Amino acid sequence: AGIPMATLNDNLAKAERYLARFRDGVVANQIGGEAVPAADGATFEVISPVDLKTIATVARGGAADIDRAARAARAAFPEWAAMPGKERKKLLHKVADAIVARAEEIAFVECMDTGQAYRFMSKAALRGAENFRFYADRAPEARDGQALTTEGQFNYTTRVPLGPVGVITPWNTPFMLSTWKIAPALAAGCTVVHKPAELSPLTARLLVEIAEEAGLPKGVWNTVNGFGEDAGRALTEHPAIRAIAFVGESATGSAIMAQAAPTLKRVHFELGGKNPVIVFKDADLDRAAEAAVFMIYSLNGERCTSSSRLLVEADIHDAFTAKVAEKARAIKIGHPLDPDTVIGPLIHPDHQKKVMSYLELAREEGATVAVGGGAAEGPGGGCYVAPTLFTGARPDMRIAQEEIFGPVLTAIPFADEAEALEIANGVAYGLAGYVWTNDVSRAFRVSNALDAGMIWVNSENVRHLPSPFGGMKASGIGRDGGDYSFDFYMETKNIAFATAEHRIPKLGG
Ligand code: NAD
């Protein structure tokens, strides 16, 4: 018989129980191991995109709160940095265990806060735990370096944690992304001040609480809620903060770079994308269509690595886009807690408006609206947008150039490999690329020539944690994953020993 699938009603009742604690008073910041309101008592309201009703009132931190948090992180740093890697490893595994124990609660809160469907969010908490385990296991070797010898000299390199760092995260899949940035920082021996996105801050509260309950020392991880222009800005400007790891829009990345310049902070940016999926006619077209549909319509299309441009060899453009259209039409829009839902409401009415403005624009620009193209009805009356496919677009159209960050796919025909590459690379972004062909030489040529930090051949985005994650051009600076994250959160030192009495240049005397 198996385990019966929970119904929407069961899930709504559970979500109500998990959200009750947030309705009760103000969601606090966490500074130096204490749950505290904002210094000036300010708060802001968080709405659920399902019905636009307030689900929480949150402490609105500003410069004073960031200052307190940065001081707490600085005070906690020496002891945390000096803790043997093996012990940090044990603690971070305990954090992972505690995340797993509360995976259902995290998933339900995330769904109601972001509008993301449960079918994806049910795995997001476990993936967050996996991020902690992955970096926990690497903590004991984080300081290791190289031995570099030459005549008369022996060099060894070692790495030391940078110090307190700032982590600023976006609203789309906040839990997973927060763990992705914070786990390696802690494993490296850094302490953290986290500024979650103001549109979906609730699971960040759960996360810091879970970590401290699991035994993380006070002040090692601090969370300050608030808006980008005050709490976010203050964090990027604070002199005690040595680096900023940021995930968000490209324009915000530029602003942060400027804000962080006077204090010479190291920055790591994971920014926007306009990622091409390039389909040649020799590819397995059924698999290519499944993957293209998955990469644009999963996570509401609010996904940095979404395949938002479908580049199709001209001969098969109509037949292939018809295949994609058929699947797109069959996608279920619904309540995020309905187990059958694929697309839930977008994060906020302002974002819905932005996405809708591109649907208007597509018509003005002369693209064909093959599927969707407007708002959709959904339970609760929230920010629903129909899965949309534009066909026959030109590469210079704004719908083919700008990141829409919704369930909107723009299909563009190409004549040959050279044109495919020209179109693929002809945007400001360079995050991910997907290539579909059964011709091995072409797969090599095309992936070699694509301006993208991550390329998948005959596959959707399947993440392998040791491999580098990040983008080129306006999509970012730096790489995460494997040892790449440690390189960002640590300083490399070289120590040179003279191994013989070499001649020292004599000046004077
Ligand atoms: P956003 O840039 O508007 O906000 C991200 C965070 O930055 C929020 O916490 C916000 O409060 C803060 N912020 C805003 N202005 C700031 C400032 N001046 N100083 C300091 N902090 C500031 O991004 P968003 O709308 O929350 O997220 C969507 C964007 O994130 C998309 O562009 C998407 O592609 C990108 N993203 C990228 C990746 C990646 O790995 N490349 C992953 C997920 C999302």
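Which backbone atom lies 2.8 Å from an oxygen atom of the ligand? A backbone N or O atom of Thr-169 does. That counts as a polar contact, meaning a pair of N or O atoms within 3.5 Å; within protein, one must be able to donate a hydrogen and the other to accept it, and residues adjacent in sequence count only if both atoms are side-chain atoms.

A word on the source. This is a predicted model, where local features need pLDDT of at least 70, side-chain atom pairs count only at pLDDT 80 or more, and totals for chains, interfaces and linings use all residues. Residues are numbered from 1 along each chain as its sequence is written, and side-chain values use heavy atoms, with hydrogens and water left out.

Back to the ligand. Glu-249 also places a backbone N or O atom 2.9 Å from a ligand oxygen. Lys-195 uses its side chain: an N or O atom there is 2.7 Å from an oxygen atom of the ligand. There are 28 residues around the ligand, each with a heavy atom within 4 Å of it. Coming nearest are Trp-171, Lys-195, Glu-198, Thr-252 and Glu-403.

Now the helices. Here they are DSSP runs of H or I, at least four residues, numbered from the N terminus. Take H3, residues 85-101, and H6, residues 174-188. Their axes come within 10 Å and cross at roughly 165°. Axes are lines fitted to C-alpha atoms over the stretch in contact, and angles run from 0 to 180 degrees between N-to-C directions. H3 and H6 are therefore roughly antiparallel, the word for angles over 145 degrees. Who touches whom? From H3, Arg-88, Leu-92 and Ile-99; from H6, Phe-175, Ala-183, Leu-186, Ala-187 and Ala-188. Contact means heavy atoms within 4.5 Å. Sorted by class, that is seven nonpolar residues, no polar and one charged.

Next, the loop between H3 and H4, where H4 is 103-114. Arg-102 sits in that loop. Its side chain makes a polar contact of 3.4 Å with the side chain of Glu-213. Beyond its neighbours within four places in sequence, Arg-102 touches Arg-21, Leu-206, Glu-209, Ile-210 and Glu-213.

On to H4 itself. H4 packs on H7, residues 202-213, at about 155°, with the axes 8 Å apart. That makes the pair roughly antiparallel. H4 brings Glu-105, Ile-106, Val-109, Glu-110 and Asp-113, and H7 brings Leu-202, Thr-203, Leu-206 and Ile-210. The tally is five nonpolar, one polar and three charged.

Last pair: H13, residues 417-425, and H14, residues 440-449. Their axes come within 10 Å and cross at roughly 30°. H13 is therefore roughly parallel to H14, which takes an angle under 35 degrees. Glu-417, Leu-421 and Asn-425 of H13 meet Arg-442, Arg-445, Val-446 and Ala-449 of H14. This contact has three nonpolar, one polar and three charged residues.

Definitions and conventions. Helix = DSSP H or I, 4+ residues; strand = E, 2+ residues; numbered from the N terminus. Parallel < 35°, antiparallel > 145°, perpendicular 65-115°, else oblique. Nonpolar A, V, L, I, M, F, W, Y, C, P; charged D, E, K, R; others polar.
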